[in-house]
Amino acid sequence: MTELNDEVEIKFSEQPDFKHFAEELSPKKRKESHTHLPSEKKGKYAGMKGHELRAVLSSDIIKFCQDLKLIATSVTCYCGDPATLVCRRETNDGCFWSCRKSKLHYGRMSIRKGSWFENSRLTIPDILWIAYMWIYEYSFMSMLHECNQSDQTLTDWCCKFQDACQVILECKSDPIGGSDKLVEIFEGRFKDQRLSKKASRVSKKDSSNQWVFCAIEQFSTNSIFLIVQDKNSDTLSEIFDKYILPGTTVFSNVWNAYKDLSSESFNYLTNEKLLTFHDSYTKADMDTIENFQTVTQRTCLHYNDWNKFEYDVTFCEYMYRRSLSFAPDAYLAFLNDIAKIYKPFDRIIQKSE
C-alpha cells in the first residue's frame, strides 16, 4: 500500500532556519568570507550612500534615470522627427516628450511610458528612494520614517519589488560560467498553491509540483533560474549543455535530484564540455560516474527539507538577493535588471481619433 503524505506545506519565509540562512548568506558575510575577491571597477553612481542618492534624486533625476536606461534617452514622433524633452514644472515629472512641427501637429508622451514608473502616482524620486531602502533591507518602520508615504503604499511597492525579483530570475537565460569559473547550483521540488488547490478538486493526485533549477555564478551577478516539470536524464543533460559554459566547475551540497543522470550524459559533460562536478560536503571532485552516483544517493535531511516549501515570491526574492551577493553595488544591479525588463517606449504613437 502507498503511504499518504499529509505534510503541511511550509512557506519559505516561515521555515525555522530562515533567519540563520539569511544571516549566513547575506552579502556582507559572504564578501567577508571571500577575502581573495578580485577587485571590480565601480562605474558611475556605484557605492552611493543614502544622502548621496537623495542629492542626485533631487538635482539631476532625469539624467540619472537615462544613464541607467530606466527612461528613454531619445524618442521619435509618429511623424518621423525626433521629439524634444520639454521641461514644465507644473507636470508631475517636470518634463515630457513633445513634437510640434505646426499648429495641426502635436505629439506628446510621458517620460514614464512603458517604463517601470508607469501607472504610479508617486514621483520618480520617491519610487527610487523606496527601492534603495528595500534593496538594503531597511526595516518597515525606518521606511515609514524616511519617506512621507502611507504604510499601504510602502506595502504595495515592496510586493512589486518581490514580483520583479521573480520576473528577473525567470527571464535570465544567458549561459553562465566558463573556464576557471565557479557555479553553485540549487534545486528543489516546490508546490504551486493555486495548482495544488485545483488538482485537489479534480482528483486526489497532486500534479502541482514544480522542479526549480537555479545556478549562481560566484564573484558575479550572473545566474539562471528554470522551472521544469520533468527532471529526467535528458532534461538534466540539456540544462547543463545549454546553460553552463565549457570549463565550469559546478558545485553543490545536495545531488539527489541528479541521480537519474545517465553515464552517457555524465561522460559527455565531463569529457566534451569539460565540466567539473564538485561536492561541497566532502570537498572532493566527482570524476567518475560511480563516484557521482554514490554522492547522489547520499541522504541530506537538512537540505531535503527545501522540497516542502512553497514556490512564491519570498523564495524568489531570497534567491535574487543571493545572486547579488558579489555585486559591487546591489542597488544599481537591481535597477539595471529592472531596465532590461521594463523597457521604456522610444516612439510617440498617434492616438486613433
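**Note on two helix pairs**

1. Helix α7 (residues 151-171) packs against helix α14 (residues 330-341) at an angle of about 70°, their axes lying 10 Å apart. α7 is therefore roughly perpendicular to α14 (65 to 115 degrees counts as such; under 35 is roughly parallel, over 145 roughly antiparallel, and the rest oblique). Axes are lines fitted to C-alpha atoms, for helices over the stretch in contact, with angles from 0 to 180 degrees between N-to-C directions.

2. This is a predicted model, in which local features need pLDDT of at least 70 and side-chain atom pairs pLDDT 80 or more, while totals for chains, interfaces and linings use all residues. Residues are numbered from 1 along each chain as its sequence is written, and side-chain values use heavy atoms, without hydrogens and water.

3. The crossing of α7 and α14 is left-handed (the near helix is turned anticlockwise from the far one by less than a right angle; clockwise would be right-handed). Phe161, Ala164, Val167 and Ile168 of α7 make the contact with Phe334, Asp337, Ile338 and Ile341 of α14 (heavy atoms within 4.5 Å). By class, these residues are seven nonpolar, no polar and one charged.

4. Helix α3 (residues 50-59) and helix α5 (residues 124-135) pack at an angle of about 165°, with axes 10 Å apart. The two helices are therefore roughly antiparallel to each other, and their crossing is right-handed.

5. On the α3 side, Gly50, Leu53, Arg54 and Leu57 meet Pro125, Leu128, Trp129 and Tyr132 of α5. The contact of α3 with α5 comprises six nonpolar, one polar and one charged residues.

Definitions and conventions: Helices (H or I, at least four residues) and strands (E, at least two) are DSSP runs, numbered from the N terminus. Ala, Val, Leu, Ile, Met, Phe, Trp, Tyr, Cys and Pro count as nonpolar, Asp, Glu, Lys and Arg as charged, and the others, Gly among them, as polar.
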